Amino acid sequence: MDWRIPPQWDGAMVKSFLRLYCGVSARTLTRLKKAENGILLNGRPAIATTRLQQGDFLEIHPPAGENHLPGLQVDVPVLWEDGDVIVFDKPPGMPVHPSPGHDCDSLANAAAAYAARRKERWAFRCVGRLDSGTSGAVIVAKNAHAAYCISKSIQKEYLALCEGTLTGEGVIDAPIRLQAGSKIRREVGAGGQEAVTQWRALEDLSCNSTVFTVVLLTLQTGRTHQIRVHMANAGHPLVGDDLYGGSTALLPRQALHCRQVGFFTPKGDKVTIHSPLPPDIAPLLAGGNRSTN
């Protein structure tokens with residue numbers, strides 16, 4: 001990553017410019033100072049206290065991460081990529097990170113294989129993971145600085161199929177906590193973490209006697225199972241989400257898809273990426289009967 005020093009930063013120290021203008025985290029700055037050629041000014045090594053001049057050319061080279069995961073030889077579609085970020089189109093049923101019983105079939109494993117095929121070295125830094133059963137766009141940063149920058153600007157848009165009929169739009173502001181006696185299931189309740197979900201009903205459909213509403217959702221917070229818990233608590237669990245009361249008659253997993261992500265790259269460019277509907281949800285929307293109400 002590189003920058004041309006603007007007039008207002010003439011005379012500033014390298015560390016001030018990197019922290020305040022470029023958004024480099026304190027941790028990444030420490031790593032840059034220790035790395036060989038981590039900071040270059042006009043092509044020559046520089047230290048954090050070096051004074052800048054207008055028009056100088058500053059480069060940083062974050063140390064490459066190490067990825068020791070076994071590679072999963074499955075091609076997960078790539079929606080967008082540059083030198084700092086890659087956005088995968090995660091299929092339903094694939095966990096993002098390895099876990100007991102899923103040591104080698106996660107998105108992290110697939111990313112390791114992808115990087116190895118391209119002879120690249122970067123650790124898997126997921127920015128905003130998805131549940132195993134949720135499909136759609138997943139952002140992965142290739143270095144710590146990119147992860148830091150993206151995490152401050154990320155925006156997601158979800159599409160869900162919710163049981164029953166909803167109309168209009170609204171905001172659900174209800175705290176979410178772990179349900180007593182469970183390690184997985186969440187619930188709305190006092191003492192939980194703040195959770196805010198915005199929703200907008202798009203259309204009502206019915207398929208095989210099941211009535212559901214296509215709902216567009218955005219999150220102001222990012223709690224585990226937030227959309228699933230909020231919609232179930234409102235009386236409209238997601239189709240296929242048997243953990244929270246949804247029926248699996250139409251779909252064996254929660255009908256939730258991250259269809260759009262947006263963020264600013266470390267260079268400050270705004271990026272918006274779309275994920276197409278997965279093959280198990282698309283037919284329900286195409287073949288469903290429209291409401292006559």
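A residue is called buried when its relative accessible area is under 20%, exposed when that area is over 50%, and partly exposed in between, with a 1.4 Å probe and protein chains only. By this scale K15 is partly exposed, because its relative accessible area is 34%.

The structure is a predicted model, in which local features need pLDDT of at least 70 and side-chain atom pairs count only at pLDDT 80 or more, while totals for chains, interfaces and linings use all residues. Residues are numbered from 1 along each chain as its sequence is written, and side-chain values use heavy atoms, with hydrogens and water left out.

**The protein as a whole**

The protein has 6 helices and 17 strands, where helices (H or I, at least four residues) and strands (E, at least two) are DSSP runs numbered from the N terminus. Its C-alpha atoms fill a box of roughly 70 × 40 × 40 Å along the principal axes, and buried residues make up 48% of the 293 residues. Among contacts (heavy atoms within 4.5 Å) with a separation of 6 or more, residues 24 or more positions apart account for 63%.

K15 lies in helix 1, which covers residues 14–21, and K15 gathers with K33, K34 and R51 in a patch of positive charge on the surface. Such a patch is made of residues with over 30% relative accessible area and no salt bridge, like charges being joined within 9 Å; a salt bridge is a side-chain nitrogen of Lys or Arg within 4 Å of a carboxyl oxygen of Asp or Glu. Lys and Arg count as positive and Asp and Glu as negative, whereas His and the chain ends are not counted, and the place of a charge is taken as NZ of Lys, CZ of Arg, CG of Asp or CD of Glu.

N37 sits in the loop between helix 2 (26–34) and strand 2 (39–41). Leaving aside residues up to four places away in sequence, N37 touches P45 and H61; N37 and H61 are 24 residues apart in sequence and 7.1 Å apart in space, C-alpha to C-alpha.

| Residue | Relative accessible area | Class |
|---|---|---|
| K15 | 34% | partly exposed |
| N37 | 39% | partly exposed |

**Helix 5**

Helix 5 (residues 226–233) is largely enclosed by the rest of the structure, because 6 of its 8 residues are buried. The buried residues of helix 5 are Q226, I227, R228, V229, H230 and M231, and just after this helix G235 takes a positive phi of about 90°.

Methods: Patch = residues over 30% accessible without salt bridge, like charges linked within 9 Å, V, L, I, M, F, W, Y side chains within 5 Å. Areas by Shrake-Rupley, 256 points an atom, 1.4 Å probe, with all protein chains shown as cover.
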